[in-house]
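Please look over the sequence and the model before reading on.

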Amino acid sequence: MARWCYRHRLVVLLVWVGALFGVGFSASSAGTDYANVFSLPDTDSKSAYDLMQKAFPNTSGDTDTVVWKVDRGSVRDAAVRDRVQPALDAIAKVRGVGAVAGPYNGPRGAAQISRDGTIAYAQLTFVQRANEIPKDVVQHVLDTAQGAERGGLEVELGGQAIQRVQEPPQGLSEMVGIIAAAVVLFLAFGSFFAMTLPIAIAVFGVGMGLFSTQLLSHTTNIPDIAPLLASLIGLGVGIDYALFIVTRHRRGILRGMDPEEAAVTALNTSGRAVLFAGGTVCIALAGMLVTRLRFLDGVVIGTSLTVVLSVLAAVTLLPALLGFLGPRVLSRRQRRRLAAEGPAPEGASGLAARWSANVERRPRRIAALAVVVMAVLAVPVLSLRLGATDQGNDDASTTTRKAYDLLAEGFGPGFNGPLQVVSAGGDTATLVEDIRATSGVARAAALPPARGVTVIQVVPTTSPQSKETDDLIDTLRDRVIPKAGADAHVGGVTAVSKDFAAVTGDRLPLFVATIIGLGFLLLLVAFRSLVVPLTAAVMNLIAAAASFGVLVAVFQWGWGLDLLGLGKEGPINAFLPVIMLSLLFGLSMDYQVFLVSRMHEEWVHTRDNARAVRVGLAETSRVINSAALIMVCVFLAFVLSGDSGAAMAGVGLAAAVALDAFILRTALVPAAMHLFGTSNWWLPGWLERRLPHLAVEPQEESAAAAPEAPAGPATAVHGFVRTADGDPVEDASVTLMSTGGRQLDRVTALADGSYIVSVPAPGAYLLAVTSPSYGSRARHLTVTEGPLVYDVELTGDEVDAVT
């Protein structure tokens, strides 16, 4: 497939461009229909919601609030009223606004003025849900209301619709993430063309995924946070997967391979690992389905679809783009060096090699230090509290946060999250009196009954996110309502959030066990080992604990929130652990696959565990760390999204990826594998016979060997290296490599130009001959039973790699 895409690159590119524009045009024409469906069967808040729908079926529009405060006097003063009321009347006439209930409309409106008379509010009811209201309509409402401001009169607005118009421009976080990733890629590759390849793959994969998700929102319930999370994970994996393949491709060219053969080999090795890694991410995401929370079903659809399309782009579009670039995937300096010095020898050098050797020498000390660091970071997770963020967590400069604070100041902290006790029978009057007498209740009032259902609005004395409010809900459900003998249920946004957090917490162990179990089975089949997948499972749990510790310290304890401009501290969103663990386990598995597959390849060749771990770490740590740095940049950019849930997920995932790549995969995993020794690769014989075979990275020699080449004993290639005039080249370096670029033998030609290199077995190989004086040549050879005589002529031309 890689070879076909490489040779038919124009067709592949046109198909992808046509698909992207076609799906994009369809999505733009259809619009969006995202829906946040919190279905919590068998919960008290769900029973309250069902009764509310039965009694008040036409309350589906979004309700927002206009709040104003005077510095001196009262909001009842004629001067204040004459400025505010015309603005409210103008808002009522805006198309899309259903009703405006202000404080100056009779006795009922008087309850919308604070006791000291300095703060008042009006409720705006739109005819549509917040995500369906055009932003220009909401912006007009916002401008009209704030146009009434003057010296001493402050006007602020709150609500879901208002929150949408104060978000940064859509795509800002994605653009910042892409720019940051481009900088890292340019530093890693040193080539502008090579830098653009992973960016292009991510753009195509994420673009197709987002447009497809937008179209699917018309056929199934997809929450509005799904596109943000799909962008977040899609950009990360799309850039990373392309990075792994391009790195392998560049290595092949540097070792003397023809660009087409280098691309084919890269896709048949790293491309297989990308397919496997993408599959593990999708499986981890699908693990969310076991929680049976309908809200997450749409998240699974959007994120999984984006990952699948990113993988598809990496294994089809990427080889086509590599065909367009040819040797320009290397930097100019690398191309000049390749022409002057010939193919580079195999093996890692520099910092990566020194670090790998250091881990081999001191595995116990490095493992202990890594465990201590991760344990310290995980300590805050012991105080994790799940809940829901609201506009009280917005940045202090936003109008929604100011409106929230004004309502809390004028009407009490519980006013922003009232409870709704919905009664369908029993003594409602007694129930109201009992609720008023309950500790923690500021006030309670029953609304006029409808269709046999009475709604009692209960305002707590504490804020919606406080533990005392959760305790009040439990008190009402367990003691007050049963004592009154009423058939009633506690609902409202605050109660729904509490029930959602409880359900999520109850189902979290099953979810974690599912994705860890599936990951264990996948790695067991891939690497034919019990210790490797067990190590990966433990490392995933350590990474999860440490990343949630960072999340609690930042968002729940408030460490650094002001620095990041992320508003006020509060509980961790109840849905975040499930989403974050899915993404974290999937991404951790990616790094484990790329790290261990290279170790496993070396183990198969040498049966030397220490060498396998040392070589695997040295050759993959740089690309894994580069990939992780890109992920961190992309995830942190989502702090700019304006969505608190996406910002929380971005910070949490950035911390998780950084800790996983820079501490676990670079230090703790290789140190543990050095300590375990050959036990890393142990598998009982009876299990070995029953497991299916899955080649994450095939052996390069067998993968590329000529079909007609028979198996046999070790042999040799020998001959002479001469110039075009027949003179011997005595300083020539002769290297025998596998067709994938693995160095097998290397010698220097003698004074008469003769050389001999050993061949491990009959098959297909690459012979590279390099001389500082005459340039270099690379030839593919097929070695059969006996020694092969092969003379090489160096002419001084540039590198000539013939397939």
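The model is a predicted one. In it, aspartate 474 has a relative accessible area of 27% and is therefore partly exposed, since buried means under 20% and exposed means over 50%. Aspartate 474 forms a salt bridge with lysine 498, and the closest N and O atoms are 2.9 Å apart. This pair links distant parts of the chain: aspartate 474 belongs to helix 18 (residues 467-484), lysine 498 belongs to helix 19 (residues 493-527), and 24 residues separate them. Lysine 498 has a relative accessibility of 18%, so it counts as buried.

A further salt bridge joins the side chains of arginine 477 and aspartate 499, at 2.9 Å from N to O.

## Helix 1 and helix 11

A search of the whole structure gives 15 salt bridges. Arginine 3 lies in helix 1 (residues 2-7) and glutamate 260 in helix 11 (residues 259-286), so the pair links distant parts of the chain, 257 residues apart.

Which of the two is buried, and which is partly exposed? Glutamate 260 is buried, because its relative accessible area is 13%. Arginine 3 counts as partly exposed because its relative accessibility is 28%. Salt bridges also link Arg3, Arg7, Glu260 and Glu261 in a network. Side chains of opposite charge can pair when their charged atoms come close.

Four strands form an open sheet in the order 2-3-1-4, and their pairing is antiparallel. Strand 2 (97-101) and strand 4 (153-158) are the edge strands, each pairing on one side only. Neighbouring strands of this sheet are turned by 20° against each other on average, direction ignored.

Strand 2 runs antiparallel to strand 3 (residues 119-126), and 4 bridges join them. Opposite valine 97 stands phenylalanine 126 of strand 3.

## Helices across the sheet

Helix 4 (residues 78-92) lies across strand 1 (63-70), strand 2, strand 3 and strand 4, and runs at about 155° to strand 2. Helix 16 (residues 399-411) lies across strand 1, strand 3 and strand 4, at about 110° to strand 4.

Methods: Residues numbered from 1 in each chain as written. Predicted model: local features only at pLDDT ≥ 70, side-chain atom pairs only at ≥ 80, totals over all residues. Heavy atoms only, no water. Pairing = 2+ DSSP bridges. Helix = DSSP H or I, 4+ residues; strand = E, 2+ residues; numbered from the N terminus. Axes fitted to C-alpha atoms, helices over the stretch in contact; angles between N-to-C directions. Contact = heavy atoms within 4.5 Å. Salt bridge = Lys/Arg side-chain N within 4 Å of Asp/Glu carboxyl O. Buried < 20%, exposed > 50% of the residue type's maximum accessible area, 1.4 Å probe, protein only.
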